[in-house]
Amino acid sequence: MRHLMNPLDFTVEELDRLFDLAGDIAADPAKYAHACAGKKLATCFYEPSTRTRLSFEAAMLNLGGSVLGFSDAASSSASKGESVSDTIRIISCYADICAMRHPKEGAPMVAASRSGIPVINAGDGGHQHPTQTLTDLMTIRALKGRLGGFTIGLCGDLKFGRTVHSLIAALIRYPGIRFVFISPPELKVPDYITDQLKELGIGYEEVIRLEDSIADLDLLYMTRVQRERFFNEEDYVRLKDFYILNNEKMALAKEDMLVLHPLPRVNEISVEVDDDPRAVYFKQAQYGVYVRMALILTLLEITV
Ligand code: NCD
C-alpha cells in the first residue's frame, strides 16, 4: 500500500505517468466516470481549506465514487482529545482512501503509519503540500511543454509557505532550473533549502524587490503571507502587502512568462492581472482536479 506524504515519494518517471494519466482524464473524462464506483474517499481536514478539500471531493465524485469527512477539527473527535492515529484506524473501517490536512507538521505521516488505507498529505503545517505541487508541475508541463530549463521566481512568504517548500523539493530533480527567491528578509526561504541547493550546485538568488527580477523569469509563483503561522498580528500587518503584482509590473515581464498562485489570493495579485493571458492561476485549479483524479486511481491501483 502506498501513501503520498511528500512529492518525492514518486520518482520522476512515476510523476510523468501520473501527468499522462491526468492529461488523458482531461481529454476524455467520460472514460473515467465510473472508475471508482463503490469506493469512498474520506477528507479529514483539521485546518481550513476550500480548494484542496473540494478539489479532492470533486475528483472522487468525477470518478463515480463517494466522499465523507469533516472540514475542521472542532467538528471531529479531535475536539474530545482523540489522537490522529486512533482517528485514522477508525476511518480505515469507513473509507478506501483518505486525504488529510493538519496544522502540525508530520501528522499525516503518523496517520499513514497506523492506517489500513492509503493516506494523502493534503498539507501539514508549514512543511509540505504534495498535491499542490503535483498541480503546479502538471500546470507547468501542460502550458510550457516541459519541466526543466527555466528560471522560476517564488515570491512572498517563502518562510511559512508549504507550497513553496514542496515545489522547490520537486523541481530540483529536473535539469536546468534556476530559482529566484523574492521575499522580505523576515520571510526568506529556510536555510535547509538554500543549503541543499548549494550542495547540489543549483543556481539561486535571493532578492527583495519583485521589479528588479521579474524581467528574467519564465515562471512567477506568487504566494499569500501565511497569517495563521505568524506569532503576532503586528508583523503580519506590516508584511501582508509587501508585494502587489499589478499590470505595471507585468509590463516588465517576458511575453510568455506564466503567473501561478496556489490560491487563496489576498492582495498579492491585483484583480486587474486576472485578464492577462499570462495569469494561469485559475487554470491551475482546474488541473488540480485532474491530477487528484489520477492520484486517487494510482493509489487505489485502479486501471481503466
Ligand atoms: C495553499 C495551502 O493551503 O498551503 N492553499 C492551497 O491548498 N491551495 C496556499 C495557501 O493557503 O496560501
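**Entry 1: the main core.** I started with the largest nonpolar core in this predicted model. I get 59 residues for this core. Phe 19, Leu 137, Ile 152, Leu 154, Ile 168, Leu 171 and Phe 179 have the most contacts inside it. Which helix gives the most to this core? That turned out to be α11, residues 281-299, with 10 residues. I also looked at the domains: at least three residues of the core come from domain 1 (7-128 + 288-299), and at least three come from domain 2 (131-284).

A reminder to myself from class: in soluble globular proteins, nonpolar side chains tend to be buried together.

**Entry 2: zooming in on Ile 152.** I picked Ile 152 and asked what it touches, skipping residues up to four places away in sequence. My list has Leu 167, Leu 171, Ile 177, Arg 178, Phe 179, Val 180, Leu 217, Leu 219 and Tyr 221.

Entry 3: The largest pocket comes out at about 410 Å³. I counted 21 lining residues, and Arg 101, Arg 162, Arg 224, Leu 263 and Pro 264 are the closest to the pocket's centre. What classes of residue make up the lining? I got 10 polar, seven charged and four nonpolar ones.

Helices α2 (51-62) and α6 (162-171) each supply at least two residues of that lining. Domain 1 (7-128 + 288-299) and domain 2 (131-284) each give at least three.

Technical notes:
Residues numbered from 1 in each chain as written. Predicted model: local features only at pLDDT ≥ 70, side-chain atom pairs only at ≥ 80, totals over all residues. Heavy atoms only, no water. Core = buried A, V, L, I, M, F, W, Y, C linked by side-chain atoms within 4.5 Å. Buried < 20%, exposed > 50% of the residue type's maximum accessible area, 1.4 Å probe, protein only. Helix = DSSP H or I, 4+ residues; strand = E, 2+ residues; numbered from the N terminus. Domains from an automatic or database assignment. Contact = heavy atoms within 4.5 Å. 1 Å grid on protein atoms, 1.4 Å probe; cavity = no way out; pocket = protein on both sides within 12 Å on 5 of 7 lines; lining within 4 Å. Points joined across faces, edges and corners; volume = space filled by probe spheres on them. Nonpolar A, V, L, I, M, F, W, Y, C, P; charged D, E, K, R; others polar.
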